[in-house]
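User: Hi! Could you walk me through this model, one question at a time?

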Amino acid sequence: MPRPKRPPPGFSDESRHKRRRTAADADAPSSGGGAGGAGRCCDLSRAFGRCRALLDDLLRHDDGWVFEAPVDARALGLRDYYTVIADPMDLGTVLRRLERRRYADPSAFAADVRLTFRNAMSYNNQGDPVYESAAELSGIFEDGWASIQAELPPPLPTDAERKVKFNDDLKGLPVAAQRTVAGVLKDRGACLLEKKGKVEVDLGKVDAATLDELGRLVAKHRAADTDVDAQSPRSSLFSMPVYDDGNVCDVLPGYNVA
């Protein structure tokens with residue numbers, strides 16, 4: 001792809017990409033030693049603020065203007081561009097998404113920046129001006145992103161991971177607490193079959209809100225676990241894991257979840 005013509009004087013002036021204070025910046029703690037008990041939201045706000053600063057650095061780079069707008073395939077005569085590049089991206093679009101809080105987490109921001117440079121390096125040959133500019137800016141981005149990524153809070157567990165953890169937590173609960181959990185599962189329509197005192201449970205029907213409720217029940221019963229309960233044998237109402245490849249659990253014979 002031929003290198004786009006450099007825009008007229010003033011286009012790439014630093015004032016064009018002057019750092020604008022965003023809502024994320026307002027929520028983010030200062031870089032000076034603030035309180036160490038910042039929650040996940042503050043951590044993410046600070047990370048998004050650093051993402052914006054890194055993006056500004058890319059756009060202010062001498063070659064940043066090349067990637068600021070979508071590729072005008074028609075004007076450049078690139079008839080096969082959208083055949084080769086299935087998912088176009090540019091840094092201007094990344095900036096708008098960042099300002100409008102379209103990214104759920106900083107990793108999604110990083111994915112779009114990488115896509116911008118990957119597209120340029122996929123369509124152009126090594127040695128072409130656009131390819132070399134993309135490679136240089138990609139290196140700058142990766143260097144800056146590494147320090148941002150190192151400070152990101154751990155990702156929230158998926159529902160599948162929460163179900164596995166719920167199964168592990170359930171095994172350590174008193175029988176009375178397990179009965180409460182079994183009742184919640186039945187109320188939420190997760191019980192498929194009751195036969196001879198056993199209940200099959202399909203955790204595929206358990207939504208995130210139910211997992212939240214079950215998590216609170218587990219925490220509540222753990223906190224209220226008395227010495228008497230602690231001395232009681234931890235027999236399980238569930239004869240097999242609540243969450244396995246079949247998403248099925250069985251309640252021990254003799255227990256009625258009604």
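Analyst: Gladly. Contact here means heavy atoms within 4.5 Å, and helices are DSSP runs of H or I with at least four residues, numbered from the N terminus. This is a predicted model, where local features need pLDDT of at least 70 and side-chain atom pairs count only at pLDDT 80 or more, while totals for chains, interfaces and linings use all residues. Residues are numbered from 1 along each chain as its sequence is written, and side-chain values use heavy atoms, with hydrogens and water left out.

User: Why is H5 roughly antiparallel to H6?

Analyst: Axes are lines fitted to C-alpha atoms, for helices over the stretch in contact, and angles run from 0 to 180 degrees between N-to-C directions. The axes of H5 and H6 lie 9 Å apart, at an angle of about 170°. Angles over 145 degrees count as roughly antiparallel, so H5 is roughly antiparallel to H6.

User: Which residue caps the N-terminal end of H5?

Analyst: Look for a polar contact, a pair of N or O atoms within 3.5 Å; within protein, one must be able to donate a hydrogen and the other to accept it, and residues adjacent in sequence count only if both atoms are side-chain atoms. The backbone nitrogen of Gly92 lies 3.0 Å from a side-chain oxygen of the capping residue, Asp90.

User: Which residues touch the most other members of the largest nonpolar core?

Analyst: A nonpolar core is a set of buried Ala, Val, Leu, Ile, Met, Phe, Trp, Tyr and Cys residues joined through side-chain atoms within 4.5 Å, and buried means under 20% relative accessible area with a 1.4 Å probe, protein chains only. The largest core has 29 residues, and those touching the most other members are Phe67, Phe109, Phe117, Phe141 and Trp145.

User: Which element gives the most to this core?

Analyst: Two or more residues come from each of H2, H5, H6 and helix H7 (129-150). With seven residues, the top contributor is H2.

User: What is the mean pLDDT of the protein chain?

Analyst: pLDDT is the predictor's confidence in each residue, from 0 to 100. It stays under 50 over residues 8-17, and it is below 50 over residues 19-38 as well. Where pLDDT is low, the predicted coordinates should not be read in detail. Across the chain, 67% of residues reach 70 or more, and the mean is 76.

Conventions:
Buried < 20%, exposed > 50% of the residue type's maximum accessible area, 1.4 Å probe, protein only. Parallel < 35°, antiparallel > 145°, perpendicular 65-115°, else oblique.
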